[in-house]
Amino acid sequence: MRGMRALVTGAGGFIGSHLTESLVRAGWDVRALVRYSSHDQIGALAHAEPDLVAAVEVLAGDLRDDGSVRHAVQGCDVVLHLGAVISIPYSYQAPREVVETNVIGTLNVLSAARDFGVSRIVHTSTSEVYGSARAERIAEDHVLQAQSPYSASKIGADKLAEAFHRSYDVPVVTLRPFNTYGPRQSPRAVIPTILTAALAHRPIKLGSLSPTRDFTFVTDTADAFLRAATADGVVGETLHLGVGVEVSIGDVVSLVGEMLGRNLETEVDEQRLRPPDSEVMRLRSDPSRARERLGWVPAVSLSDGLRRTADWLAAGGAEWFRLPDYAT
């Protein structure tokens with residue numbers, strides 16, 4: 001990919017930082033759009049390999065600002081759009097900010113890509129757009145159900161991407177990750193929450209243990225984005241990124257206990273309980289389309305991924321997070 005320039009929005013985030021590393025390793029010239037902060041300019045990129053970060057052009061901005069988005073997009077061949085506000089609990093408290101960032105921000109990215117003739121946009125969706133599944137395995141044609149302000153914002157962003165492809169022939173491919181986990185993920189996410197408490201020999205504070213999720217290790221997710229940047233025959237498609245196996249939150253606790261060789265204690269955290277009609281009980285992907293179109297097969301098992309994440313946390317990887325209470 002020598003001479004090809006990729007823009008990664010949300011490059012300072014969990015998946016975005018891993019993808020940025022992967023692009024540099026693959027020979028891309030990489031521009032990273034990170035959200036401006038007076039105290040932390042590059043977010044999770046601070047944990048990437050320093051030599052790789054040094055090769056990245058970092059721009060600070062805000063997806064809601066059309067000018068900064070256009071400046072970031074101009075001159076890029078491919079845009080990998082991962083920037084978003086992703087916290088579901090926060091979306092209950094600040095739905096306007098979530099909608100403005102996720103919907104208007106995506107509109108700004110799509111408009112700039114159209115105007116500057118970008119050859120490919122890889123747009124990031126989420127399995128949350130499905131709500132509680134109506135099928136055992138979710139295919140890409142499953143009905144969309146907005147069960148939180150966050151999921152509604154992502155449905156809106158997805159439909160904008162579809163509309164720009166159909167209306168303006170903008171070359172968009174949408175990737176829909178299920179539950180990605182691994183090093184650099186926010187400690188508020190469920191797997192880091194379980195691992196951090198377990199490693200510290202504290203009770204694990206969770207919401208419901210019954211919901212099932214389809215967990216994919218972050219390097220596998222990043223690999224799919226890298227493939228989607230250049231794959232033939234995927235423009236206009238939506239592709240699922242998942243393992244195809246559902247595991248309950250309670251089962252993850254048991255797996256971590258087995259890994260550590262002890263029984264783990266859990267407690268209910270009221271802040272982590274969703275409103276009853278907002279909880280998503282089952283998410284299990286059908287990833288066959290991504291396998292066929294991208295040649296993508298996840299390589300990291302859940303047990304191996306949990307171990308890698310635990311090792312990163314145990315080495316102090318999460319110390320850079322300084323967060324207020326979960327719900328704020």
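Throughout these legends, a residue is called buried when its relative accessible area is under 20%, exposed when over 50% and partly exposed in between, with a 1.4 Å probe and protein chains only. The model is predicted, so local features need pLDDT of at least 70 and side-chain atom pairs count only at pLDDT 80 or more, while totals for chains, interfaces and linings use all residues. Residues are numbered from 1 along each chain as its sequence is written, and side-chain values use heavy atoms, with hydrogens and water left out.

View 1. Helices (H or I, at least four residues) and strands (E, at least two) are DSSP runs numbered from the N terminus. From E11, Thr 238 and His 240 point one way and Leu 239 and Leu 241 the other way, and all are buried. Two strands are said to pair if DSSP finds at least two bridges between them; E6 and E11 pair in the parallel sense over four bridges, with Pro 177 standing opposite Leu 241 of E11.

View 2. The open sheet is formed by seven strands in the order E3-E2-E1-E4-E5-E6-E11, and the pairing is parallel. Its edge strands, each pairing on one side only, are E3 (57–61) and E11 (238–241), and the twist averages 20° from one strand to the next. E1 (residues 5–9) pairs with E4 (residues 78–81) in the parallel sense over four bridges, and Thr 9 stands opposite His 81 in E4. Helix H6 (residues 149–168) packs on the sheet, where it touches E5 (120–124) and E6 (172–177), and its direction makes about 160° with that of E5; axes here are lines fitted to C-alpha atoms, for helices over the stretch in contact, and angles run from 0 to 180 degrees between N-to-C directions.

**View 3. The buried face of helix H3.** In H3 (residues 66–73), the residues Ser 68, Val 69, Ala 72 and Val 73 are buried. Seen down the axis of H3, these buried residues fall within an arc of 130°, so they line one face of the helix, the arc being that of the directions from the helix axis to the C-beta atoms. They pack against E1, E2 (29–35), E3, E4 and helix H5 (95–116). Val 69 counts as buried at 1% relative accessibility and, leaving aside neighbours within four places in sequence, is in contact (heavy atoms within 4.5 Å) with Asp 62, Leu 63, Asn 108, Val 109 and Ala 112. Just after H3, Gly 75 takes a positive phi of about 90°.

**View 4. Helix H7 and its surroundings.** Seven of the 10 residues of H7 (residues 190–199) are buried, so this helix is largely enclosed by the rest of the structure. What covers the buried residues includes E7 (179–181), E8 (204–206), E10 (215–217), H9 (249–260) and H11 (302–314). His 201, which follows H7, has a positive phi near 60°.

**View 5. The aromatic pair of Tyr 130 and Phe 178.** Rings of Phe, Tyr and Trp (its six-membered ring) pair if their centres lie within 6.5 Å, and planes under 30 degrees apart count as stacked, over 60 as edge-to-face and the rest as tilted. Tyr 130 and Phe 178 form a tilted pair, 6.5 Å centre to centre with 35° between the planes. Tyr 130 lies in the loop between E5 and H6 and Phe 178 in the loop between E6 and E7, 48 residues apart, and both are buried.
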